[in-house]
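Take a look at the structure below.

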Amino acid sequence: VMAEEETAERRQAELDFVASAYGEEEAWVVEKATGCHVKRRLALAASSSSELGGAENCILTISMPEGYPVDEDAPLGVEAHLCTDSSSSSPDLRKIAINALSSLVTECRRVARDHAGGEAVFAVLARADEWVSADWRDIIETVNDDTKDAAPTDLATKQENDVGGLVLGRRLIHSHHIIAPSKRKAIVELARHYNI
């Protein structure tokens, strides 16, 4: 009973943090029969020098499983989706944002696993904000650079190919070990280069 009270108290402290640290439109708590969820709105904006224009709104959902934060086998769940009300962006920006969401989710889940057995909501929210300000910026700059480098005929061909809609696929990068920071960096650079 004592452990359950401590768990509930620690969870509530994190929920109170969310309520006090963010405005109602930035982050909120949703309690359902399936558990407690923290929702965080993130703006994925195109850079001012970009031809893409506008911004996409993303909702990051952090789910608190039973046993969180005490149970090391119960890390936070993390999902993300784009809002359907994002009409201020171009279709190209929306496609880029859809493709980039998996990177955001992967990073936030990594942080949640790294903090398993302890409070992780703040760490996940901080990583999400960092991803928007750094990783998302890198993605947009890479797209801008690729667009500037492409010949006009390449852009026309690309636009003709994009008319068919979103293309989903799988890619595999094989490495014997990926412990070395240099190999990890190389894999991330390859993934960004190939937009995966």
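Start at R110. Its relative accessible area is 32%. Buried means under 20% and exposed means over 50%, so R110 counts as partly exposed. Keep in mind that this model is predicted.

What does the side chain of R110 meet in a salt bridge? The partner is the side chain of E107, at 3.0 Å from N to O. Both residues sit in helix α2. They are three residues apart, about one turn of the helix.

Now follow E107 to another partner. E107 also forms a salt bridge with R127, and here the closest N and O atoms are 3.1 Å apart. This pair links distant parts of the chain. R127 belongs to helix α3, E107 belongs to helix α2, and 20 residues separate them. Both R127 and E107 are buried. For R127, the relative accessibility is 9%, which is why R127 counts as buried.

D135 lies in helix α3, which covers residues 121–149. D135 has a relative accessible area of 12%. The cut-off for buried is under 20%, so D135 is buried too.

Which residues are linked in a network of salt bridges? They are E107, R110, D114, R127, E130 and D135.

The side chains of R10 and E119 meet in a salt bridge at 2.7 Å, N to O. R10 lies in helix α1, while E119 lies in the loop between α2 (91–114) and α3, so the pair ties together parts that are 109 residues apart in sequence. Are these two residues buried or exposed? Each falls in between: R10 is partly exposed at 21% relative accessibility, and E119 is partly exposed with a relative accessible area of 35%.

Helix α1 runs over residues 2–21 and has 20 residues. From its first C-alpha to its last, α1 reaches 28 Å. That is close to the 28 Å expected at 1.5 Å a residue. In this helix, T7, R11, E14, L15 and V18 are buried. Where do they point? Seen down the axis of α1, the buried residues fall within an arc of 95°, so they line one face of the helix. Now turn to the face directed away from that buried side. There you find the exposed residues M2, E9, A19 and S20.

Step back for the whole chain. How many helices and strands does the protein have? The secondary structure comes to five helices and four strands. Along the sequence, the pattern reads α-β-β-β-β-α-α-α-α. The protein has 196 residues, and buried residues make up 33% of them.

Next, visit the strands. Between β3 (55–64) and β4 (77–82) there is a loop, and P69 has its place there. A cis peptide bond joins Y68 and P69, with omega at about 5°. Why stop at this bond? Most peptide bonds are trans.

The last stop is helix α5. It spans residues 181–193, and L190 is one of its residues. The helix has 13 residues. Its reach from first C-alpha to last is 18 Å, close to the 18 Å expected at 1.5 Å a residue. Just after α5 comes N195, which takes a positive phi of about 55°. For contrast, most residues other than glycine have a negative phi.

Finally, look at the surface here. Which residues form a nonpolar patch? L190, Y194 and I196 do, and together they have about 320 Å² of accessible area.

Notes: Residues are numbered from 1 along each chain as its sequence is written. This is a predicted model: local features need pLDDT of at least 70, side-chain atom pairs count only at pLDDT 80 or more; totals for chains, interfaces and linings use all residues. Side-chain values use heavy atoms; hydrogens and water are left out. Patches are made of residues with over 30% relative accessible area and no salt bridge: like charges are joined within 9 Å, nonpolar side chains (Val, Leu, Ile, Met, Phe, Trp, Tyr) within 5 Å. Accessible areas come from the Shrake-Rupley method with a 1.4 Å probe; for residues, only the protein chains shown count as cover. A salt bridge is a side-chain nitrogen of Lys or Arg within 4 Å of a carboxyl oxygen of Asp or Glu. The expected span of a helix is 1.5 Å times one less than its number of residues. Buried means under 20% relative accessible area, exposed over 50%, partly exposed in between (1.4 Å probe, protein chains only). The arc is that of the directions from the helix axis to the C-beta atoms.
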